[in-house]
Amino acid sequence: MATINFKIQEKAKIDPTKIYIRLKGKDFDYNVPTELLVSKKEWSNSKQKTKSLAESDSKKLDINKTLKDLKNYIVDELNNDQKEGFSIDKKWLTGKINLFSNKSSNNKTDANFFLTSFADKYIETSKNRTNKRTGQKLKLRTIQDFEDTSNKLKFYEEKIGKRIKIIDIDLKFHKDFIEFLRNELLLGENTIGAKIDNLKAFLRDAELNRIKVDPIFKSKNFYSPSSETQDIYFDEDEIEKIKNHQFEFDSYLDNARDWLLIGLWTGLRISDLLSITKKDIKDGYIDNTNFKTNIPVTIPLHPHVKGIIDKRSGELPRKISDQNFNDYIKEVSEIIGFNENVLGSKMCIVLDTDNKPLLDKDGNKIHRKKQGMYFKYELVTSHICRRSFATNLYGKLDTLTIMKITGHKTEKQFLSYIKTTPKHHAEKLKNYWDQNYK
């Protein structure tokens, strides 16, 4: 158990003198000065606070309260960072004192100088901002992503022991921050890329507000990392197996299988798929305003979907949560027999060097995506619906028609969903040659 004490150097020639904090644990013992000054005659090393004779002075009372708050802050940060595996050293303690001092300053101009203060201000204003193209307010998920990026930047401030100035965002910061996200927080390349994209958004807005920034953030060297994901899809033969498998009628697996088939033949995002109601189905079509982009989408009912509705006497499957859908379709896929080994990525618990789960600041197990060879059913998630829909239609219909149904705005976005393998393309070429060159 670590202990925290405050003292002054009684033999120091300077008066008033700085108050020191001593952090002592089993494997460390550090003394670091704070920015708090106190007169020697008004300080008690034994009680670790200003003497009672000075308590009529509100400034001295403020010192005692600040020391109490600082002690609580260091205790909380020590507990959290030890869980995260951070090295507790003199630099760590100095950094925490500096961060505490900055948090306590309540300087209203911070947002003009410090990145995380500006980011928090940006997030607050974003809650009432509208998308210029759609006129709609930003989605909660977008705001949450901004908040997560701001939190990651604050973790980095704690790591380096100082606040980040907006003007200091250069290529060295870019490199160091990416390494921190990759090696300390164990984030995947695409997740890191999303955080850098948000960082660029903060800097663009700062520049628009005439805050001085280093223009290097607009160069190609200030890149957002990415990696090609190894995603799976169901081809039409596999979808037929899903349709034909006999589950007990209206069991949770039968219900999940039917929603899976509807997703595979509509290409809707999970939020849109599970929000479809009977009222959305008219004259053999699903009329649905896309939840994410508010784009009206009309999709003809596939015979499999018609069969599901007929089987259920004109009703859709019972409502199900996103999480249960993801869990149950893995079970469905395993039972049907999609157990071949394929390359992909799935969420795994992160283990430390002793093979024990790493915990976050709240004591929860840390999960990260890990690429490897897995049974196909293990990799099945709601995203397989959209990928399969786009992949199975690609090359059979013109791309624009498919995009109008999936709601993709650009061909680049759409093509990212196409998961046809090189072998599949080779087989198509072989079939063409076999038919046309005897």
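These notebook entries record what I looked up in a predicted model.

**Ground rules.** I number residues from 1 along each chain as its sequence is written, and my side-chain values use heavy atoms, with hydrogens and water left out. Because this is a predicted model, I take local features only at pLDDT of at least 70 and side-chain atom pairs only at pLDDT 80 or more, while totals for chains, interfaces and linings use all residues.

**Confidence.** I looked up pLDDT (the predictor's confidence in each residue, from 0 to 100) and noted a chain mean of 85, with 89% of residues reaching 70 or more. Confidence is lowest in helix H15 (residues 422–436), at a mean of 70, and highest in H8, at 97. Helices here are DSSP runs of H or I with at least four residues, numbered from the N terminus.

**H8 against H11.** I followed the axes (lines fitted to C-alpha atoms over the stretch in contact, with angles from 0 to 180 degrees between N-to-C directions) of H8 (residues 252–264) and H11 (residues 322–336), which come within 9 Å and cross at roughly 95°. H8 and H11 are therefore roughly perpendicular to each other, a label that covers 65 to 115 degrees. Contact means heavy atoms within 4.5 Å, and on that basis the H8 residues Tyr-252, Leu-253, Ala-256, Arg-257, Trp-259 and Leu-260 meet Phe-325, Tyr-328, Ile-329, Glu-331, Val-332 and Ile-335 in H11. I sorted the residues of this contact into ten nonpolar, no polar and two charged, where Ala, Val, Leu, Ile, Met, Phe, Trp, Tyr, Cys and Pro count as nonpolar, Asp, Glu, Lys and Arg as charged, and the others, Gly among them, as polar.

**Cores.** I then looked up nonpolar cores, which are sets of buried Ala, Val, Leu, Ile, Met, Phe, Trp, Tyr and Cys residues joined through side-chain atoms within 4.5 Å; buried means under 20% relative accessible area, with a 1.4 Å probe and protein chains only. In the largest core, of 46 residues, Phe-234, Ile-242, Trp-259, Leu-260, Leu-273 and Phe-325 touch the most other members, and H8 gives the most to this core, with seven residues. Leaving aside neighbours within four places in sequence, Leu-260 is in contact with Phe-234, Ile-242, Phe-325, Ile-329, Ile-384 and Cys-385. A second, separate core of 31 residues includes Ile-164, Phe-180, Leu-185 and Ala-206.

**Thr-149.** Last, I checked Thr-149, which is found in helix H4 (residues 140–160) and is buried, with a relative accessible area of 0%. Not counting residues up to four places away in sequence, Thr-149 touches Lys-195, Asn-198, Leu-199 and Phe-202.

How values were computed. Helix = DSSP H or I, 4+ residues; strand = E, 2+ residues; numbered from the N terminus. Parallel < 35°, antiparallel > 145°, perpendicular 65-115°, else oblique. Buried < 20%, exposed > 50% of the residue type's maximum accessible area, 1.4 Å probe, protein only.
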